[in-house]
Amino acid sequence: KENFKVLKSWVLSSSYRGEVNLVNKALSEKPLYIKTGGIDSWSPCILKKENEEKKENFIKVESFKLSEFFEENPDLYFDVIKMDCEGGEWSVLNKQSELDILMNKFKKIVIEIHLRDGESNLDYNFDFVEKFKKNGFEIKFMDVALAVDVTNKILNNERLSDRGNAKAHDWYNQVLFYAKKI
């Protein structure tokens, strides 16, 4: 809550105050929780069955889907969206109705994509890339840590000779996906 207050204060005091739309919710189709205390308390997660009885150690985060936001705001269009959904991005990228919203409502899209987060049920399906290309977007993937283009490595799940021959999807924890309408 404190971070959002700081961000809101900055936006309201800036020349961008009429141009920025802040939403203090998580983007997810499933309920999300933040663990209270400890080193991993900053990152939202899906509450796993083994933690159901420990709900008092978690705070529920209000969440929504892109489609819900645009049902309430159908006339809004944006220049850019930056998503960091801690694994929730896959529910947008692999669901056609949510993906259509991204491609129709935004000119530039930046998404932090998590490739290794311990969720074995995530569908790392990269079909969304071709959909962006067919809809007039140029795309690329960037290594978060080194800020280098890793598009081909990610799309082909290449073996990385400089990383012990690991496959790209196994080596990179997260990458940034960029899409720009051309």
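User: Why does F141 count as buried?

Analyst: First, a caution: this is a predicted model. Buried means under 20% relative accessible area. F141 has a relative accessibility of 0%. That value falls under the cut-off, so F141 counts as buried.

User: Where does F141 lie, and how far is F141 from E112?

Analyst: F141 lies in strand β7. In sequence, F141 and E112 are 29 residues apart. In space, their C-alpha atoms are 9.5 Å apart.

User: What makes β5 and β7 edge strands?

Analyst: Start with the strand order. Four strands form an open sheet, running β5-β6-β10-β7, with mixed pairing. The strands β5 (78-84) and β7 (137-143) each pair on one side only. That makes β5 and β7 the edge strands. From one strand to the next, the twist averages 15°.

User: How do you know that β7 and β10 pair?

Analyst: Two strands pair if there are at least two bridges between them. β7 and strand β10 (residues 174-181) have seven bridges, in the antiparallel sense. Seven bridges meet the cut-off of at least two, so β7 and β10 are called paired. Specific partners can be named. D143 has V175 of β10 as its bridge partner. For F137, the partner in β10 is K181.

User: What pairing does β6 make with β10?

Analyst: Strand β6 (residues 106-114) pairs with β10 in the antiparallel sense, over seven bridges. One of the partners: H114 is bridged to Q174 in β10.

User: How do you know that the span of helix α1 agrees with its number of residues?

Analyst: Helix α1 covers residues 2-13, which is 12 residues.

User: Why is α1 called hardly covered?

Analyst: The count of buried residues among the 12 residues of α1 is one. A buried residue is under 20% relative accessible area. With a count of one, α1 is hardly covered.

User: What makes phi of A147 worth a remark, and is A147 buried or exposed?

Analyst: Most residues other than glycine have a negative phi. Phi of A147 is near 55°, a positive value in a residue other than glycine. A147 sits in the loop between β7 and α6 (151-155). Its relative accessible area is 56%. Exposed means over 50%, so A147 is exposed.

User: Why is N165 called partly exposed?

Analyst: The relative accessible area of N165 is 41%. A value of 41% lies in between, so N165 is partly exposed. N165 is in the loop between β8 (159-160) and β9 (166-167). Phi of N165 is also positive, near 65°.

User: How many cavities of 30 Å³ or more does the structure hold, and what lines the largest cavity?

Analyst: The structure holds one cavity of 30 Å³ or more. The largest cavity has about 50 Å³ of space. Its lining includes L27, F64, L66 and V92. Also in the lining are S28, E29, K65, S91, K95 and E98. By class, the lining residues divide into four nonpolar, two polar and four charged.

Notes: Residues numbered from 1 in each chain as written. Predicted model: local features only at pLDDT ≥ 70, side-chain atom pairs only at ≥ 80, totals over all residues. Heavy atoms only, no water. Expected span 1.5 Å × (residues − 1). Buried < 20%, exposed > 50% of the residue type's maximum accessible area, 1.4 Å probe, protein only. 1 Å grid on protein atoms, 1.4 Å probe; cavity = no way out; pocket = protein on both sides within 12 Å on 5 of 7 lines; lining within 4 Å. Points joined across faces, edges and corners; volume = space filled by probe spheres on them. Nonpolar A, V, L, I, M, F, W, Y, C, P; charged D, E, K, R; others polar. Axes fitted to C-alpha atoms, helices over the stretch in contact; angles between N-to-C directions.
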